[in-house]
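Have a look at the picture before reading on.

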Amino acid sequence: MIKAYRLYTGDDGHSHIEKGTIELGPLNEALAIRFQESEPHAFYDYHNAPAYQYVITLTGTLEFETYPGEKFMLNPGEILIAQDITGTAHKWRLIDDAPWKRMYVTYDPAKPINFVADK
């Protein structure tokens with residue numbers, strides 16, 4: 001299965017990380033798709049996700065961090081599920097010499113997604 005990380009806002013108002021995978025399942029409807037590229041060694045300070053979205057990394061290795069200090073590394077081919085549209089937010093920085101090429105796929109949060117949390 002595909003490795004995935006879910007960023008969400010907890011009951012405490014902070015962004016948190018949940019590790020898991022994207023499992024085979026029903027098709028998910030996409031509301032919009034957008035592509036973006038950031039230069040090598042770029043960073044983006046604390047921000048919330050603008051919408052419920054999958055972020056599919058094509059190139060680049062990043063370190064993500066939440067305001068409380070939780071961290072994870074996101075590698076090419078891994079999926080970020082951004083659901084922290086409120087709260088204290090997250091930041092990221094590129095840690096290799098590649099640009100971050102990615103695809104954003106927004107989805108309806110009322111519909112199920114194929115994320116399965118690690119046990």
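## The inside

In this predicted model, the largest nonpolar core has 14 residues, and those touching the most other members are Leu 62, Phe 64, Phe 72, Leu 74, Leu 80, Trp 92 and Trp 100. Two or more core residues come from each of β1 (2-9), β6 (62-66), β7 (71-74), β9 (90-94) and β10 (100-106). In soluble globular proteins, nonpolar side chains tend to be buried together.

Even if you skip its neighbours within four places in sequence, Trp 100 is in contact with a whole list of residues, including Gln 36, Ser 38, Val 55, Leu 62, Phe 64, Leu 74 and Trp 92. There's another core too, lying apart from the largest one: it has nine residues, among them Ala 4, Ile 22, Ile 79 and Met 103.

## The fold

What is the chain built from? You'll find eleven strands and zero helices. The radius of gyration is 13 Å, close to the 14 Å that the globule rule gives for 119 residues, so the chain is as compact as a globular protein of that length. Its C-alpha atoms fill a box of roughly 35 × 30 × 30 Å along the principal axes.

Now think about who meets whom. Take the contacts between residues at least 6 apart in sequence: 76% of them join residues at least 24 apart.

## Surface and charge

Of the 119 residues, 40% count as buried. The accessible surface comes to about 6,700 Å², and carbon and sulfur atoms account for 55% of that.

As for charge, there are 11 positive and 17 negative side chains, with the centres of the two sets 2 Å apart.

Technical notes. Residues are numbered from 1 along each chain as its sequence is written. This is a predicted model: local features need pLDDT of at least 70, side-chain atom pairs count only at pLDDT 80 or more; totals for chains, interfaces and linings use all residues. Side-chain values use heavy atoms; hydrogens and water are left out. Helices (H or I, at least four residues) and strands (E, at least two) are DSSP runs, numbered from the N terminus. The radius of gyration is taken over C-alpha atoms; the globule rule is 2.2 Å times the number of residues to the power 0.38. Buried means under 20% relative accessible area, exposed over 50%, partly exposed in between (1.4 Å probe, protein chains only). Contact means heavy atoms within 4.5 Å. Accessible areas come from the Shrake-Rupley method with a 1.4 Å probe; for residues, only the protein chains shown count as cover. Lys and Arg count as positive and Asp and Glu as negative; His and the chain ends are not counted. The place of a charge is taken as NZ of Lys, CZ of Arg, CG of Asp or CD of Glu. A nonpolar core is a set of buried Ala, Val, Leu, Ile, Met, Phe, Trp, Tyr and Cys residues joined through side-chain atoms within 4.5 Å.
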